[in-house]
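Please keep the sequence and the structure at hand while reading.

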Amino acid sequence: MEITQQIVRAVACGIKTLYGADCETSKIQLQETRPEFEGNMTLVVFPFLRASRKPAEETAREIGEYLTAEVPDVVARFNVVKGFLNLVIAPAQWIKLLQEINGQERFGFRPVTDESPLVMIEYSSPNTNKPLHLGHVRNNLLGWALANVMEANGNRVVKTNIVNDRGIHICKSMLAWLRWGNGETPESSGKKGDHLIGDYYVAFDKHYREEVKELVAKGMDEEQAKQEAPLIKEAHEMLVKWEQGDPEVRALWKKMNEWVYAGFDETYKALGVGFDKIYYESDTYLEGKEKVEEGLAKGFFYRREDGSVWADLTKEGLDEKLLLRSDGTSVYMTQDIGTAKLRFQDYPIDKMIYVVGNEQNYHFQVLSILLDKLGFKWGKDLVHFSYGMVELPNGKMKSREGTVVDADDLIQTMIQDAAQMSADKVLRLEDITPEEAQEIARIVGMGALKYFILKVDARKNMLFNPEESIDFNGNTGPFIQYTYARIRSILRKAKEKGISLPDELPLTAELSDKEISLIQHLNDFAQVVRQAAGDYNPSCIANYCYELVKEYNQFYHDFSVLREEDAQKQIVRLALSEAVSKVVRNGLGLLGIEVPERM
RNA sequence: GGUUCGGUAGCUCAGUUGGAUUAGAGCAGCAGCCUUCUAAGCUGCGGGUCAAGGGUUCGAGCCCCUUCCGAAUCACCA
């Protein structure tokens, strides 16, 4: 059994025996002892003063005496400082714990069974009119990491993507391509499909704004001009044709979307993310209309004179929300209702998580209420995993002002920079093929990008500084990967020397304070994984990995593994190195960050 | 204006269910350390009224209230 659990149980017994009071185990706080005091674990006794009716120090002393008497093989000795009871744990317990961590391939993970709750996670959700940018990168990385974290906590996970493949935005691109494209294709232009379509979307916007400007110059007010401009009217007509199933429009739509999907697939592959089930808005929006009509019949919603359908949420403290336009076409909310319906038909969902930016907090607040009204059992408890915006040093990302960071460009830059960095350190690895070097550059470059984004608390807006992201010093992915590679090198060399880990570590081995501290922190991993799932926030895993690796690095400079002469000490240090590498690999793995065996 | 979320070192960020006279990392600056298991590293120095004020208690960066600042949102856009 784990050390903490043993002590908690013993303390609960002690409170009962000494003071005759029952004690909830959740009130028993064990924390790491501060380095300036002797001991490994500290019990905070303040919560027990009510039961003991004695001064803090006396209470602490009594509990300490009880523990050393009852569980002497765990608590070797103790000391008291004010209300804090510092416990010195028997070294053999730490060895056992280390052995336990090393004995499991995935220490800290919970198994997934057929009875595990089914969690569906929606992320990415691109529009098909432009390529992915930095904001999507954050979304994709968070979604993928969160899916891994939920799975590590014993949930069945279905990763899903809802592609916004229909709507006015894609009509704009189509229209622009028809008008100015001269039949250009990804093959003929050599452009990636999503970039090609994105270029036409930009072209549409440019011409559209010129039209609006002209109309305003002729004396029309701006709001009216935006609606009356010929291009936007034409795009709306196209949307109506699309909804009517016009063969020509549908054929073009299909062709252009295929180009975009091919482009997205490349980007997803480079990011290392994927999906179990992809939904398309074109398949779900009609379902949504149906569901809205159903709600209308049941009196949840109402129809206005112009024919539009609304939900009145003023009782919930919100506004009225449009569900169907007066021309009968559906809006964003309608689509999400339809998608929910299809998903629920496809899977017995227990929990639904939407990974969507915080600009849509209101949308999901409304969606939760609507789904609940419409009878989805997970609607009320749906989780909107809301992440902050990515800002650039010179302001926000704005596609109109051309200050977006394109995902594909970014990925390429990161990998090239990583390759450059390792080329500068070329002395290190002599026997390396160009292919291996390229693969290491890919792992390190992507690791730098992923770690830079995932280490930040997902809820907060973050600043993406391109220069800093390729700096591999400090709290970065490459620093962690580098330490991992060094540990693997030690383990390889140990093997060459014929040193291997025995099935049973020597319980009599001596441990330094640093070694005990490292074992304690390795043990924390299980808790961190649980916390990440509880908060729906993977960033704590990133920061944990950094702390662990930093501690190992300090350790590394003070102790040697291969040159240690005491056989027992050497075995323990080897086991520690093994454990650190394993935990780091699993931790980064949850974040979707790969580790290189050498670099 | 309503709602939601933020405010911690010059900059970017940690800070676990409230815990220990001294709130931590990294970057940037300064000073050391490579005949050593991989120096993409390690050690030291300087840098803070945790936005402000009040409250809760043995104890608050963390919980409650007020104020200030910032962001998002409140569309027949997605």
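## Terms and basis

A residue is called buried when its relative accessible area is under 20%, exposed when it is over 50%, and partly exposed in between (1.4 Å probe, protein chains only). The model is a predicted one, in which local features need pLDDT of at least 70 and side-chain atom pairs count only at pLDDT 80 or more, while totals for chains, interfaces and linings use all residues. Residues are numbered from 1 along each chain as its sequence is written, chains are lettered from A and ligands numbered from 1 in the order in which they are written, and side-chain values use heavy atoms, with hydrogens and water left out.

## Glu-122

Glu-122 belongs to strand S5 (residues 118-122); strands (E, at least two residues) and helices (H or I, at least four) are DSSP runs numbered from the N terminus. With a relative accessible area of 3%, Glu-122 is buried.

The side chain of Glu-122 makes a polar contact of 2.9 Å with that of Arg-343. A polar contact is a pair of N or O atoms within 3.5 Å; within protein, one must be able to donate a hydrogen and the other to accept it, and residues adjacent in sequence count only if both atoms are side-chain atoms. Leaving aside residues up to four places away in sequence, Glu-122 touches Thr-160, Ile-162, Arg-343, Met-352, Ile-353, Tyr-354, Val-355 and Val-356, where contact means heavy atoms within 4.5 Å.

## Domains of chain A

Four domains are assigned in chain A: domain 1 (3-89), domain 2 (167-275), domain 3 (279-405) and domain 4 (408-590). The bounds come from an automatic or database domain assignment.

## Domain 2 against domain 3

The C-alpha centres of domains 2 and 3 are 24 Å apart. At their interface, 6 residues of domain 2 are in contact with 6 residues of domain 3. The two domains bury about 560 Å² between them, 55% of it on carbon and sulfur atoms; buried area is the accessible area (1.4 Å probe) that two parts lose on being put together, summed over both. Trp-242, Glu-243 and Tyr-261 supply 57% of the area that domain 2 buries against domain 3, more than any other three residues.

Between the two domains the count is 1 salt bridge, that is, a side-chain nitrogen of Lys or Arg within 4 Å of a carboxyl oxygen of Asp or Glu. Lys-289 pairs with Glu-243 in a salt bridge whose closest N and O atoms are 3.6 Å apart. On the side of domain 2 that touches domain 3, helix H10 (230-244) and helix H11 (247-271) each supply at least two residues. H11 gives the most, with 3 residues. The residues on this side comprise 3 nonpolar, no polar and 3 charged; Ala, Val, Leu, Ile, Met, Phe, Trp, Tyr, Cys and Pro count as nonpolar, Asp, Glu, Lys and Arg as charged, and the others, Gly among them, as polar.

## Salt bridges

Side chains of opposite charge can pair when their charged atoms come close. The salt-bridge count comes to 31. In one of them, the closest N and O atoms of Glu-38 and Arg-77 are 2.7 Å apart. Glu-38 lies in the loop between strand S1 (30-32) and strand S2 (41-44) and Arg-77 in strand S3 (residues 75-81), so this pair ties together parts 39 residues apart in sequence. Glu-38 is partly exposed, at 41% relative accessible area, and Arg-77 is partly exposed at 46%.

Which residue does Glu-515 meet in a salt bridge? The partner is Arg-573, at 3.2 Å from N to O. This pair links distant parts of the chain, with Glu-515 in helix H19 (residues 513-535) and Arg-573 in helix H21 (residues 567-590), 58 residues apart. Glu-515 is buried at 3% relative accessibility, and Arg-573 is buried at 6%. Elsewhere, salt bridges that share partners join Arg-166, Glu-243, Glu-281 and Lys-289 into one network.

## Val-202

Val-202 is part of helix H8 (residues 193-217). Is Val-202 buried or exposed? At 54% relative accessibility, Val-202 counts as exposed. From C-alpha to C-alpha, Val-202 and Val-137 are 21 Å apart in space, and they are 65 residues apart in sequence.
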